[in-house]
Amino acid sequence: MIDMTETDVPVAGGTLRVVSWPADGPTVIAAHGITANAMAWAPVARALRGRVHLVAPDLRGRAGSAGLPGPYGLDTHADDLLAVADHFGVTRAPLVGHSMGGFVVAATAARHPGRFGPVLMVDGGVALGVPAHLDVDTALEAVIGPAMRRLSMTFPSAGAYLDYFRANPALGRYWNSDLEAYVLRDFTGSGSSCALAAIRGDAADMLRDPRPADFPLLWAPRGLMDEEGGLYRAEQLAGLDAELVPDVNHYTILAGAGAARVAERIHTSLGIEVGSGYMGLPET
């Protein structure tokens, strides 16, 4: 694991916990998925090879920011990311977002024009086509399945919580120390840190009122259970700047070769020339 620091950034209602992987290069702000946390970005931080200062908050209602109150939704996340940019002294911050984070960074760039860009979305940010008549919990179950169900579950130990994640073929087959750190950051001692009100509020905004997202997208061919057919299909993305990352699922697009490709696209967008290949794989 490369060096990282944590800090609390003042935002509306309290402080936002932010993980930072320091570097001498430009600062990029990263937004994670709907039930995720900042440690999802650790493999990408490593793949950036010290040429980009990656900054990733635990979004409001998750992990170190679980205690922050509503209102929730994309606009609130956008204002939180603006506070992060101000804290780190970035006048125009590049953004990268995974899953729901793709919707967050698109909304942030739209809400605060001139303060953010370029923007990269990773397996998220493009409307998912969920029928408007579905209630939020039904829509969440349809889209994220086990990730939603665990939020109302209790677990007797950290080991049991890790085992729940390992049972998901999208994660267990690829298990390593990065995934373990990511899961443990979410564990409260009895279950997930994610505030259900935050998940529901964000989902209602993301699924029913996604902002137009005319930004580059990297997408995964496999889904949240490692099944063939992920969140998107090629025909959905026709005419968009969308690149398929081969042989990854919704989670592993941020790990291994997926992390390398995300890092390469970040480097390219910032005009940084970096050779190919992924360095510093974690212990499995």
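Let's start with Arg173, whose side chain makes a polar contact with the side chain of Asp226 at 2.6 Å. By polar contact I mean a pair of N or O atoms within 3.5 Å; within protein, one must be able to donate a hydrogen and the other to accept it, and residues adjacent in sequence count only if both atoms are side-chain atoms. Keep in mind that this is a predicted model, where local features need pLDDT of at least 70 and side-chain atom pairs count only at pLDDT 80 or more, while totals for chains, interfaces and linings use all residues. Residues are numbered from 1 along each chain as its sequence is written, and side-chain values use heavy atoms, with hydrogens and water left out.

Back to our pair. Arg173 and Asp226 are 53 residues apart in sequence, and their C-alpha atoms are 9.3 Å apart in space. You'll find Arg173 in the loop between helix 7 (169-172) and helix 8 (177-186). Helices here are DSSP runs of H or I, at least four residues, numbered from the N terminus. Is Arg173 buried or exposed? Its relative accessible area is 61%, so Arg173 is exposed; the cut-offs are under 20% for buried, over 50% for exposed, and partly exposed in between, with a 1.4 Å probe and protein chains only.

Now, salt bridges. The structure holds 20 of them, each one a side-chain nitrogen of Lys or Arg within 4 Å of a carboxyl oxygen of Asp or Glu. One joins Arg111 to Asp75, with the closest N and O atoms 3.5 Å apart. Arg111 sits in helix 3 (residues 100-111) and Asp75 in helix 2 (residues 74-87), so this bridge ties together parts that are 36 residues apart in sequence. Arg111 is partly exposed at 39%, and Asp75 is partly exposed at 30%.

Asp186 and Arg150 also meet in a salt bridge, at 3.2 Å from N to O. Asp186 belongs to helix 8, while Arg150 is in the loop between helix 5 (146-149) and helix 6. Both Asp186 and Arg150 are buried.

Let's finish with the rings. There are five aromatic pairs, meaning rings of Phe, Tyr and Trp (its six-membered ring) with centres within 6.5 Å; planes under 30 degrees apart are stacked, over 60 edge-to-face, and the rest tilted. How do Tyr161 and Phe165 pair? Their centres are 5.1 Å apart and their planes at 75 degrees, so the pair is edge-to-face. Both are in helix 6 (residues 158-166), about one turn apart, and both are buried.

Conventions: Helices (H or I, at least four residues) and strands (E, at least two) are DSSP runs, numbered from the N terminus.
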